[in-house]
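Welcome to this tour! Please open your viewer, load the model and keep the selection tool at hand.

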Amino acid sequence: MIDRAESGPREPATDPTLGIPLPATVASTRSGTPPHRLVVIGDSLSQGFQSFAIHNTDLSYPAIIARELGWQRSFRFPRYRGHGGLPMNLEYLLRVLEDKHGARLDWWDLPLAPFTVHSWMAQVEDYWERGPGSIEPPPGPINHNLSMFGWDLRDSLEWTYDRCAAVLAGNPPGNDLLAQQVEHAALRAALRVYPRATTEQRGMTLFDAARALGEQHKTTTEAGIETLIVFLGANNALKAATNLEVRWSGPGFDQLGAKSQYTVWTPEHFRQEYDEMIEQVHTINARHVILCTVPHVTIAPITNGIGGKIGPRSRYFDHYVYPWVGESTFSSHRDKHLSGAQARAIDYAIDAYNDHIESIVREARADGRDWLLLDTAALLDNLASRRFHEDPSARPQWWTGYELPGALAALDPPLTTRFLAADGHGGRAAGGLFSLDGVHPTTVGYGILAQESIHTMRAAGVRFRDPDGSPRNDPIHVDFDRLILRDTLVRHPPQNIGSAKGIIGWIDEILDLTGTSLAGGVLGTEA
């Protein structure tokens, strides 16, 4: 294993095949088109989480890929339509505040605005805990998007429908007049992800469900799944960024209850968990398997670097704070923060994670299996605004930047990884690649992830078709014009998000009074 502390940042893998060709006999064993053209096992990034909620799942990157495959009518995924989704759609809340109090909160609004926040949250809570959202839709066939927000590697291996339902049954929701948030939001969302049509299905993990899909094929084809994408592991480090606290994994890291005390897994513990997950992947009958690397979580704008870089040519700032904490008012004694050294340690751990994921793909291809690597860590690195774009001296030799597709490159102002800000006149002033939670992409950001997934699928020879079944020629381009029209944050964000992100910090303070943390609760995994 490479010693990342000595070798520096990991160099990206630009070739999904890692330069390892498959034996010619592999293609000869294939026939027909598998019935399930795309199955994805992942976390919030694959489910389509955005602005602190799972809502528009038809705009997740797997759903975007399915559309470009010409398979969108067959692609199955859970839906969360009511009241902006689960647990709390920050975009919806900001628009409610804007409608009632205008684009800025003046001093005379401050006594009433908290009531607006709590009233809206109470409606969301009632909808999902006691209203229509508490009623599960009728059971149907197994979903193709088997992704669940907040799930880390252990969660993906152990949670089932029955297990989620049992926890919810044993913890009926209360109706706290102060803490107006949906209780056990992640488990409520999970009930719509997991299969439940039969007793057997209700005991299935995500991998069991994918395995069942893999066995659903006829004699005309060798596999039930054409492409399986596995994008897991980010939540084994993300809490360090969202909580601004580093607690390295220790005893109980591989147990559902005990692991919640940790915010980032050591490379050794990550390898153990990932290897156990890979054993499950090996049992799934898929023609192509794509493993995704773990993005560097400290690039996401939920962690805002302040104080200047810690040294010449460094990627890291002196301190990392929430984006609504002003640099001029920051106090290391009062405000939660990460040091530059801690941010670097987290990134080096993630580089070690990704070394291991890459080695697994290398071994699989050497054994004649059609596995590929999608280097999502490199994608985010090449998009990173403050880390690399704005500081050429910090760029590694391998850094190339990312060329945005034409429709996105034409947007003004340019899309960046900075925290989203409005211009006060109905448009966007900055950011655009990350949604309002500072962790998850906007719709066009998910489109970029879909585009890179498509490039990887084409490297495996996957054929893309128009809805009428006719084949499409290379290059296969995501319809970004459609995504721009659907992306309300990019086209007309709430105008009460100023450059200082003050209103989001104000909301966080209100929630903090009730024991809820907006930033620290982005994952929403507590069972």
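**Charges over rings**

Start by selecting Arg163 and Trp159: Arg163 lies over the face of Trp159, at 6.0 Å from the ring centre. A charge sits over a ring if NZ of Lys or CZ of Arg is within 6 Å of the ring centre and within 35 degrees of the ring normal. Now pick Lys309 and Phe317, where the charged end of Lys309 is placed over the Phe317 ring, 5.2 Å from its centre.

A word on what you are viewing: this is a predicted model, in which local features need pLDDT of at least 70, side-chain atom pairs count only at pLDDT 80 or more, and totals for chains, interfaces and linings use all residues. Residues are numbered from 1 along each chain as its sequence is written, and side-chain values use heavy atoms, leaving out hydrogens and water.

**Rings with rings**

The structure holds 11 aromatic pairs. Rings of Phe, Tyr and Trp (its six-membered ring) pair if their centres lie within 6.5 Å; planes under 30 degrees apart count as stacked, over 60 as edge-to-face and the rest as tilted. Select Phe388 and Trp399, a tilted pair with 5.9 Å centre to centre and 50° between the planes. Phe388 belongs to helix H16 (residues 385–389), while Trp399 is in the loop between H16 and helix H17 (406–409). Helices (H or I, at least four residues) and strands (E, at least two) are DSSP runs, numbered from the N terminus.

Are these two residues buried or exposed? Phe388 counts as buried because its relative accessibility is 1%, and Trp399 is buried too, at 12%. Buried means under 20% relative accessible area, exposed over 50%, partly exposed in between (1.4 Å probe, protein chains only).

Next, highlight Trp71, Phe75 and Phe77, which form one aromatic cluster.

**A buried serine**

Go to Ser60, in the loop between strand E2 (53–54) and helix H4 (61–68). Ser60 is buried because its relative accessibility is 0%. Its side chain reaches the backbone oxygen of Thr57 at 3.2 Å, a polar contact (a pair of N or O atoms within 3.5 Å; within protein, one must be able to donate a hydrogen and the other to accept it, and residues adjacent in sequence count only if both atoms are side-chain atoms). Leaving out residues up to four places away in sequence, Ser60 touches Ser46, Gln47, Gly48 and Asn145; contact means heavy atoms within 4.5 Å.

**Zoom out**

Finally, show the whole protein chain, with its 21 helices and 12 strands. Of its 527 residues, 60% count as buried.
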